[in-house]
Amino acid sequence: MNLRGTVRADRPLVVLAVGEEARYLPPDLPVLLTGMGKVNAASAVAAVLAAGPRPRLLLNLGTAGALRPGWAGIHEVATVLQHDLDTDLLRTLTGETYGAPLSLATEGAVLATGDTFVADDDARDRLAQRADLVDMEGYAVAWAAAQAGVPCRVVKQVSDEAGEGAARTWKESVDACARDLAEWAGRHIA
C-alpha cells in the first residue's frame, strides 16, 4: 500500500492497483496504490478509511480485460461481481449471502473481479456470460467503500482482450491506458 497526498473530506480519493496505472495523474490528487488483488485492495482501502478523514468519494481507476469482442476505451462500471467466489454454493451451505454483486450506477458495464489475471480464451468466454470486463481489484474497493459508507465509482480502461497474450498486451498498453485514465480524471474530478 502506498498513499500519495492527503485524504480530505472535500475531495475524492483515487484508488489504483499499481503505479504504472497512476503514472500521469496530477501530483496534487490523493492517490492510493493498493497492490494487485482483492486482499490487497480491500485491506488498503479499509486501513485508509479507518484512519480518517474519509473522502467524499472513492474513485477506483485502472485497467481491465475486455470479455466481449469490440470492447475498448474507458467504461464506468454499473455492477461489480466476484467471479472466483461461489456465492450460490456458500448460501446453500450457510444460509448467508457472501459476495453478492454490488450495484454502483444505473448504467454502465458489468465488471467481474477475481484474483486471477485472465489470459485464457476459455476462461474469458466463460466470464463473458456474466460480465463485460474483468479486473483484480474493483469488487474489493467497492465492497470496502460500502462497508464504510463512502460512495464509490469504478472506471476501467480496457488494456487487453483477456485471452491468450493478455499479459504481453497489458505490459505494452499500460502506459497508454495510464494517459487515458489521467485525461479522464482531469475532465471528471472536480
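**Notebook: strand β2 and its setting**

Buried here means under 20% relative accessible area, with a 1.4 Å probe and protein chains only. In a regular strand the side chains alternate between the two faces of the sheet.

I note that the model is predicted, that local features need pLDDT of at least 70 and side-chain atom pairs pLDDT 80 or more, and that totals for chains, interfaces and linings use all residues. Residues are numbered from 1 along each chain as its sequence is written, and side-chain values use heavy atoms, without hydrogens and water.

I then checked the extent of β2, residues 12-16, and five of its five residues are buried. Strands are DSSP runs of E of at least two residues, and helices are runs of H or I of at least four, numbered from the N terminus.

I looked up the partners of β2; strands pair if DSSP finds at least two bridges between them. β2 runs parallel to β4 (residues 57-66), joined by four bridges, and Leu 13 has Leu 58 as its bridge partner there. With β3 (residues 31-33), β2 pairs in the parallel sense over three bridges; Val 15 is partnered by Leu 32.

For the whole protein, I recorded six helices and nine strands. Of its 190 residues, 50% count as buried. I found that residues 24 or more positions apart account for 74% of the contacts (heavy atoms within 4.5 Å) with a separation of 6 or more.
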